[in-house]
Amino acid sequence: MLDIHSLTKRYGGEAALDGLSLSVAEGAYLSLLGPSGSGKSTLLRLIAGYETPDEGQVTLDGRNLTTVPAHERGIGFVSQGFALFPHLSVFENVAFGLRYHARAPLRDGAEVRRRVMETLEMVGLTDYAQRQIQQLSGGQKQRVALARTLVVRPRLCLLDEPLGALDANLRQRMTLELRRIHAALGITFFHVTGNEMEALAMGDRVVVLDAGRILQADAPDIVYNKPKSIAVARFLNRYNLFSGRTDGRGGIAAAAGLIAGPSTADQRQASDFVDFCIRIDKIRVQTEAEAIGPSQAALPATYITSEFSGAIITHLFRLADDRVAEVEDHLSHRRPAEYAAGQRYRLVWPRDEGLVFPVSAAVVEAAIRRAA
Amino acid sequence: MSTTVQDRAVQTARKAGSPRSLARQQAAGQWMLLAPGVIWMVLCLVLPMLMMIYVSFWTQTTFSINSTLTLDNWVAFFSTPTYLDSLLTTVELWFVTLALIFVIGYPVAVFIGLFVRDKTVQTSLLVLCVVPFWTSFLIRVLAWRPMLGTDGAVNIILLKLGLIRQPIEALLFTQYSVVIGMVQIYVVFMVGPVAFMVSRIDRSLIEAARDLGASTARIFLTIILPLSLPGIVVGSIFVSVMVLGEFATPSALSGDKVNLLGNIIVTQVGSLKWAFASVCGVILTVLMAVTVVALLRIVNLRREI
Amino acid sequence: MERQPVLRGLLTGWTGLFLVFLYSPMVVLAILSFQSGPEGGPQFPIEHWSIYWYRQLFNLVPASSVAPLPLGSALIRSLTLALTTMVVSTVLGTITAQAFRRHFRGSGVVFYLVVLGMMVPGVLVGLGMALTANYIGLDRNWCSTVFLVHVVYTYPFAFLVMLAIFNRFDRSVEEAAWSLGVSPITTFRRITFPLIFPGVLSSMLFAFTLSYDEFPRTLFASGGDLTLPLAIYGTFSVEIHPNLFAFGVLTTLFSFALLAVYATLMTLSVRRARRVAVQEEIA
């Protein structure tokens, strides 16, 4: 229902969005993931109509929105700072869109009241209707902002880092809340975040954005298990990354050592530049004495320390090229292992679990030029 | 996207359909907001000023005036010692007043802006400085007469305190009285802007400088003075505008002994010598323009707002 | 800085002296207003204390050689002028500042054109207006030419105040209102305006004060009917009497009353506007 065609927006010569195209189906929950500066807020603002694109267009239900002003688009927007009206109460904030809608203002006081209370109930703030905005906590403000946007039944609801201002506990609760509301109302949600876990948890589809371009747009599990590029793998924060050259025999010569590549990778010429990554929870740690099978890849490493976070423990190892690799262990699956600091071990994983990405010649040249 | 005017403009732009024409229509809406103010200023300020320049070149006889262009009035001004004197006095008193206002008002502004922590006390002090303003300017000027005369308040107090033996004559009906009057009336224009700028200085800057071992003098010279500069510039512009155009204070406090350019303009207009008055007006304008341009070079005012 | 006791003490003393300097004429004025009349003059010593001159202002004393101040109609004119100037210049200042919220080419020129109004000495504006009025055959009048120059003078102040307010205004609340389907005008009326109202109030107070006591511009641009400052100036060269001082005291008291009204309005509107969208209070 929402189609974005080759959207470009430049700020003083720099392209915040570069020929971006995307389609969003009705009733979907789309997560937009990207680091700061990737253009995700710009994209939201262009869809909402707060700014105009330099090129390209946004179409909603087949209607070209380029010349439609923001207040006629029927697109809801929950901003990062919530932007609640400070001089109005909670009730008045939520009722605002109903009462003063440009096309169809709701004059009937009783009807306004009914819909406002209904929406407040949906977000769990029934008793807060008469409060002033300044008296609310962060989570409550968030819910008021949501209620205010949803009560006018927008076709599409844009959320700009909605969980950013909340503490971890509240964030988890709100994640569930948002999913519940989405299921109940069937409105299309477009959720922007810089937090990869949040993006994966929320959407039925995750769009990864960087430097104004889409890197990947897939279901969360695909993005998580099969990142399309090394950049996506980097954002996910769950992979150990390497770069090196193929040796023509299915191996990759990286600074950390020789990595046995996946057998499914096509036979590449020797000396092709490639990027390689392996998920941190696919790695096992073995002593140097233990054998390595033909279907396994291995790298030597020295143990540094471990980070403990509840059911997960992350072990840190120093590789031959002096970088640090992470190995994640889920304690519910295995007994916690003990390693000796400074001791040499081997990081082992099934060869086929590794991911190889070719590196374009242009990137290589740029890297060489930079190093020179 | 800011008003109904722009809104309507945007709707007409729908026919065009491209983002560029939308942007153009939005700009048109902006200019519609700007038009009333701009037209007002052009018609009621720029035009009169141009008129003044134009008239300064008109031919003026004792009883009539016509629009034949001539340099006579200008020559007359610069060749008459009285008028040149007056120009000199104007500039002199302007500088002296400005300097005194800075010396007297700056410490007060720093005190209010920097040393007073409580916002309410700060505001109250500033209001206290502004309150005298609400008594008519003219009455306030007049009030200096019974203050400065030979049997005025100042002399009475000084005599009673035994600080002087005879009343000071020079206090009233001299250049000094004019300066005192102008300083008192216009000093607020310096205190206000400077106090405002100083209060915006981040205290942690000063604390950091202290921690690094800077002396008070150094902190003042490198932090407070530069950051208060926009306030000093604004204050100086305000004061200069007021002082250069002054004629009431000299008239009231010097018994017409001190003749500033403003006084000349008033007397010339009184005898309908418009052309000559315009010459003085243009000279004042030039003085003011040079000052403002010079001061605005020091500080970019738009950024400070 | 605050921890420097010597410096602090010196500055406090200086400020104290400064306030004495600032207020001394007012004190003298107030004392002399209680001069005996009608023979008492506007100088020391006080023959004996009386409220003669206050009563004389309101024509409550028998006629004497001292003419009563011709203030009645002049006062009304000044008030009317000040009120209309206040409204017009605040409106102009607000719409101009609103236009400045989005960058446009030539904004520097417009900015300085507006600000020019407060950078030109009053005599010159008045002179120029008088010349222009004569040239085009327009009669000089307190409600035409004087009004025009008053606005020229107060509009830049209103503009700067509103510009400062808008610079600190967080526009995300406006965007939020748009996203709810509320038109930009309604948004301005119900969201923006209530939040910028303290600034509008300050701007109006500024404009009123400037116009009410405006003198040099008015002197040249007015016709026969006088505003208050002009009427006072008229008594200048003629003899001054303590009734003028009595008038000064009364106007000051009136100003205090206005200040109280303003402070109350300000506190009420600030409580409404909260300090979320507008981050600075301009008193």
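Me: How many residues of chain C are in contact with chain A?
Reply: 22 residues of chain C are in contact with 22 residues of chain A, where contact means heavy atoms within 4.5 Å. This is a predicted model, so local features need pLDDT of at least 70 and side-chain atom pairs count only at pLDDT 80 or more, while totals for chains, interfaces and linings use all residues. On bookkeeping, residues are numbered from 1 along each chain as its sequence is written, chains are lettered from A and ligands numbered from 1 in the order in which they are written, and side-chain values use heavy atoms, with hydrogens and water left out.

Me: OK, what area do chain C and chain A bury between them?
Reply: About 2,000 Å², with 67% of it on carbon and sulfur atoms. Buried area here is the accessible area (1.4 Å probe) that two parts lose on being put together, summed over both.

Me: How many salt bridges across that one, chain C to chain A?
Reply: The rule finds one salt bridge there, a salt bridge being a side-chain nitrogen of Lys or Arg within 4 Å of a carboxyl oxygen of Asp or Glu. Arg45(A) and Glu175(C) make it through their side chains, at 2.7 Å from N to O.

Me: And which helices of chain C supply at least two residues each to the side that touches chain A?
Reply: Helix H7 (172–179), helix H8 (184–212) and helix H11 (242–273) of chain C. H7(C) gives the largest share, seven residues. Helices (H or I, at least four residues) and strands (E, at least two) are DSSP runs, numbered from the N terminus.

Me: What's the split by class on that side of chain C?
Reply: 13 nonpolar, five polar and four charged residues. For the classes, Ala, Val, Leu, Ile, Met, Phe, Trp, Tyr, Cys and Pro count as nonpolar, Asp, Glu, Lys and Arg as charged, and the others, Gly among them, as polar.

Me: Switching to chain B and chain C. How many residues are in contact there?
Reply: 100 residues of chain B are in contact with 98 of chain C. The two chains bury about 8,900 Å² between them, 77% of it on carbon and sulfur atoms.

Me: Which helix gives the largest share on the chain B side?
Reply: Helix H2 (residues 19–55) of chain B, with 21 residues. By class, the side of chain B that touches chain C has 74 nonpolar, 16 polar and ten charged residues.

Me: Back to chain A. How many helices and strands?
Reply: Nine helices and 20 strands. Of the 372 residues in chain A, 49% are buried, meaning under 20% relative accessible area, with exposed over 50% and partly exposed in between (1.4 Å probe, protein chains only).

Me: What does Asn93(A) reach with its side chain?
Reply: The backbone nitrogen of Phe85(A), at 2.8 Å. Asn93(A) is in helix H2 (residues 90–100) of chain A, and it counts as buried because its relative accessible area is 0%. Beyond neighbours within four places in sequence, its contacts include Leu84(A), Ile133(A) and Arg148(A).

Me: What does Arg213(A) pair with?
Reply: Asp18(A), in a salt bridge at 2.7 Å from N to O. Arg213(A) lies in strand E10 (residues 213–218) and Asp18(A) in strand E2 (residues 14–24) of chain A, so the pair ties together parts 195 residues apart in sequence.

Me: Is Arg213(A) buried or partly exposed?
Reply: Partly exposed, at 48% relative accessibility. Asp18(A) is also partly exposed, at 28%.

Me: Which residues are linked in a network of salt bridges?
Reply: Glu26(A), Asp61(A) and Arg155(A). Within it, the closest N and O atoms of Arg155(A) and Asp61(A) are 2.6 Å apart.

How values were computed
A polar contact is a pair of N or O atoms within 3.5 Å; within protein, one must be able to donate a hydrogen and the other to accept it, and residues adjacent in sequence count only if both atoms are side-chain atoms.
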